[in-house]
Amino acid sequence: MTTFGSKRIVTGASYGLRDWLAQRVTALLMALFTIVLLVQVLLPGPLGYDRWAGIFSQQWMKVVTFALIISLAYHAWVGMRDIWMDYVKPVGVRLALHIFTLVWLVGCAGWAIQVLWRL
């Protein structure tokens, strides 16, 4: 029996293109949000609590901010997961860091959404 080529051993999670694209899309959403927020802040007038509350009390801004929070959490998850997979070799420690990261990001996103919808 003849075999052609070498046997390739695949290691890691092999998320590849999907996560690369997710990082770019979420980064683009965060950049667009930053521009929208800067436009709101740079409008003439005093910048105080009332103005900030006014910016985030509009329904469209809450929806855009909600999308930003979810994008930021996913962006951070992909980045941290890749760091843990690349640099933490003991499986138990890596799993613990993954769980801690997920719990932390979900908690932060939940808190941010709670603050957002309280205005």
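## About the model

This is a predicted model, in which local features need pLDDT of at least 70 and side-chain atom pairs count only at pLDDT 80 or more, while totals for chains, interfaces and linings use all residues. Residues are numbered from 1 along each chain as its sequence is written, and side-chain values use heavy atoms, leaving out hydrogens and water.

## Helices H1 and H3

Helix H1 spans residues 17–42, and its axis comes within 9 Å of that of H3, crossing at roughly 145°. Helices here are DSSP runs (H or I, at least four residues) numbered from the N terminus; axes are lines fitted to C-alpha atoms over the stretch in contact, with angles from 0 to 180 degrees between N-to-C directions.

Residues of H1 that meet H3 include Ala22, Phe33 and Leu37, and their counterparts in H3 include Trp60, Leu68 and His75. Contact means heavy atoms within 4.5 Å. The residues of this contact divide into 14 nonpolar, seven polar and two charged. Here Ala, Val, Leu, Ile, Met, Phe, Trp, Tyr, Cys and Pro count as nonpolar, Asp, Glu, Lys and Arg as charged, and the others, Gly among them, as polar.

## An aromatic pair in H2

Trp52 and Phe56 both lie in helix H2 (residues 49–57), four residues apart, or about one turn of the helix. Their ring centres are 6.1 Å apart and their planes at 10°, so the pair is stacked. Rings of Phe, Tyr and Trp (its six-membered ring) pair if their centres lie within 6.5 Å; planes under 30 degrees apart count as stacked, over 60 as edge-to-face and the rest as tilted.

Key
Helix = DSSP H or I, 4+ residues; strand = E, 2+ residues; numbered from the N terminus.
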